[in-house]
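Hello,

Here is the structure I promised to pass on to you. My notes on it follow below.

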Amino acid sequence: MTQPVPTSNSLSPTRSFQGLILTLQNFWAAKGCVILQPYDMEVGAGTFHPATTLRALGPKRWNAAYVQPSRRPKDGRYGENPNRFQHYYQFQVILKPSPVNIQELYLESLEAIGIDTKVHDVRFVEDDWESPTLGAWGLGWECWCDGMEVSQFTYFQQVAGQECSPVAGELTYGLERLAMYLQGVDNGFELNFNGLEGEDKVTYGDVFRQAEEEYSRHNFEYADTDKLFRNFAEAEKECKALLAAGDREEGRHLQVLPAYDQCIKASHAFNLLDARGVISVTERQSYILRVRELAKACGAAWVKTEAGGA
Amino acid sequence: MPELLFELFSEEIPARMQRQAAADLQRMVTNALVDAGVTYEGAKAYATPRRLCLTIHGLPAHQPDVREEKKGPRVGAPDAAVQGFLKSAGLNSLDEAKIESDPKKGEFYVAIIEKKGRPTLELLADILPATIRAFPWPKSMRWGPQSATPGSLRWVRPLRAIVATFGAEGDEPEIVPFEIDGIKSGNVTYGHRFLAPAAITVKRFEDYVSKLEAAKVVLDADRRKEIIKADAATQSFAQGLEVVEDEGLLEEVAGLVEWPVVLMGSFEEAFLDVPGEVVRATIRANQKCFVVRKSDGSLANRFLLTSNIEATDGGTTIINGNERVIRARLSDAKFFWDTDRKVWANDPEFKRLEKFRNVTFHEKLGSQWDRIERIRALAKELCKVTGADEKLVNDAVTICKLDLQTEVVGEFPEVQGLMGRKYATIAGLPASVAAACEEHYKPIGPTDTVPTDKVSVTVALADKLDTLVGFWAIDEKPTGSKDPYALRRAALGVIRLIVENGVRVSLSELVARHASCPGLARASTTSDGGIAADLLSFFHDRLKVMLRDNGARHDLVDAVLGNGEMNDDLLLVVRRVEALGKFLETDDGKSLLAGYKRAANILRAEEKKDGEGAFEAKVEPAVLVEPAEKALLEALSIAGEAASLALSKQDYAAAMTAMAALRAPVDAFFEAVLVNAEDPALRKARLGMLAALRRVTRQVADFSKIAG
């Protein structure tokens, strides 16, 4: 077999999923961002990555970009819905403080991935962002391209219960949807992943369809709820214990990142339990509050660390 | 005269806030000017997604000078008083004060304080930044490096530039100088984000508007709306179609673009299998596009989008993009619609109702399940007065909220009710049961139609009464402008259902009984009787508002409600108001009212002397002398009986006719008889007849509350 040769063409953001990711990474790297790798835990959105949640806090400059696989167990559709997946990718950019030309930078990034504003109708439509589980809110927009939401744009005002000072700007690109648009594909599973054609072509479905099927079964049918309830309680307990252990009344906090990992674990356990349908409406609110309390405690501890500006 | 041009250029302002923001900007700046004694000829404010603009013309160059006289102490007053006066008047010594005298006070000091008016430019340099800082955005934010500083500027989205020029026509305007959070006021703004992003130097409003227009910005939202409306209509007309008008959407869309360009797209005919309301809701809510209909009223497979650019390819790419999104959205909608229908087909026993046990209706009022059961009990009671079939009503109650569990309603709450009807129809339920799913929410507001089907009327009444009694029980009544549970609307709905369907029901009893049902009694903070009385007076208030809005004289409503009865049968109240209104249009009515007023005035005066109720005793015919008074006594007795008989049959026309018979005897009485006769017994008897007249009329209404 001959080795297929990826060309610059096959890595064009309009030809391949990976080309889109690489283009965004290169773009934001050129703008001075550190390009991070995905956080190695199950999270519901790119915002959960400590590079956003925690780094958004405190006075220090912080510019980062990364891809984050995101898991929303409830969005599983057994691989039958072309638009909705329980596992998908977000491309996340965090710029602190938010630069004066942040909108222009964003539009430039769209140009870079092939969205020409001479023929595409790009719009900033009001969207107030709030994450009850993270104790966070901000104002901004959904960014529309020809009527499709391609990104979220938020000026963080508060994260993990802490006022943002200074404010960070957060850009989140929904990669599958953006790629579908760029490639002109109506079904997410038909996205060209590697930009090659013929027998060398790998689609998004080749990579992820089986996972969507299996995880949908898992999320809705097989996930062990007793274990998940235990996981939630244990993660909650450990998060609090670590925060208590790392707290030096005077001086810096020593255990924020490990504690925050437990907050992420609790949140994911909750999402799975929610998908399994074992949490009633009233309980739901109280679980969200419990995760928020963890996030807020982590936020309060973070500002007592070096990276948090203490 | 000079004019002000003030523009606040920012990142995209939410569409729903723009109009109010423009009004607030105008109000704040002009109020501040007026407070400073500066008048102006005219002002107008505008908003686009990226700017708020205010122009004020006919401003003076200077604030007017102010001359004020300040009275001081007597000549020769203690030094402390003199020093205080000098200090407060800003004088250096008494030499700068005048001495005046008046006969009472003698000689005293007067300071003349003259304040030179400041240049308007300088005044504006204070007012404009103060306006920006105090601007009442519903939600505001911080941004950028300066957000680390406490007290940094908050704005709806980052503020990027400020234009503030001031000057007369023909002159080079000056810049109103100020700086706020690092943004300096100037004379530079920017055109359309994509079509003409370059900086533009402006002088005053006139060239500002035309330069913006050249830079692809239509400043006036109303003009943007007109453009969109006209273009949408033209493009639809060309296809033999018609735009489904949507003022709310038009307003929003006009707030999303600076340069509106309307484009038409289409979707697959097959999606038209989904109910039109759902198609419209999908396209409207998610895509902010208009839908169009054919001449037969059904939806066409077209939509109209409003883009913000003149695309170099004529809009093909934009249309394609929007079509793809709409296709995906409609696929979702179709999927929801198909899924819901399957659920309805597979669960004909409605076992899924159990899920409502876990859905909170209100923290203090229990679950949705509890609420449905309360509605069920109440609806059963109501069948007695509406004459609806109990079985059908019971079935309707069972499923009336079931569409809340559907995917379509989960996605588009605005089609709640309508979907229930559709699914119930498909499930083969009786037409009136299906209709009740939709109609029990009605009427929504004063102009909405009122259901007439007895099943719908019954469930609608039960639904609204349960809401009202429930929130009354937990003391969550509307106050002032706050009515989060739309209780005023619910009460108006009850009234309209009762009146327009001729339902006879004693509301107080019903309310008191419902308030004592276990679920509500447990939640209640008030006694059942207290709830009933209070709620009834709430109904009376809403009834007054409704009748007044319908053009009825509200003095008649007050008069009818003032008859000393409970008036908890609202239908009868309305009928009495109608009958009274008609009666008062006749000569008999007018004349009787005049006679009544005369009688009441005399009674009031005489009751002051003899005491309240002094003339209520039965009149002895033997005391009477004049034929006219004997005749009146006779007439009163006949009319009184006839009216009360008619009233007991709720025959208000007959009651009025009975009273009309009093007109002639009353007129004759006043003509022939001096009420305050010297003979005390005769006086008392005559006054007694007037009191009887008052009693007879009060059976119908308190005539003293009637104007004229």
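Of the 708 residues of chain B, 42% count as buried (20 or more other C-beta atoms within 10 Å of a residue's own, with C-beta atoms placed from the backbone). Please bear in mind that this is a predicted model, where local features need pLDDT of at least 70, side-chain atom pairs count only at pLDDT 80 or more, and totals for chains, interfaces and linings use all residues. Residues are numbered from 1 along each chain as its sequence is written, while chains are lettered from A and ligands numbered from 1 in the order in which they are written.

Chain B has 25 helices and 18 strands (DSSP runs numbered from the N terminus: H or I of at least four residues for helices, E of at least two for strands). Its radius of gyration is 36 Å, well over the 27 Å from the globule rule for 708 residues, so chain B is more spread out than a compact globule (the radius is taken over C-alpha atoms, and the rule is 2.2 Å times the number of residues to the power 0.38). The C-alpha trace of chain B spans about 100 × 100 × 50 Å along its principal axes.

In chain A, have a look at helix 4 (residues 175–183), where eight of the nine residues are buried. Among them are A:Leu178, A:Met180 and A:Tyr181. Just after this helix, A:Gly184 has a positive phi of about 70°.

As for the contact between chains, 32 residues come from chain A and 33 from chain B (C-beta atoms, placed from the backbone, within 7 Å). Strand 4 of chain A gives the largest share of the chain A side, four residues.

Best wishes

Technical notes. A residue is buried if 20 or more other C-beta atoms lie within 10 Å of its own, exposed if 12 or fewer, and partly exposed in between; C-beta atoms are placed from the backbone. Two residues are in contact if their C-beta atoms, placed from the backbone, lie within 7 Å.
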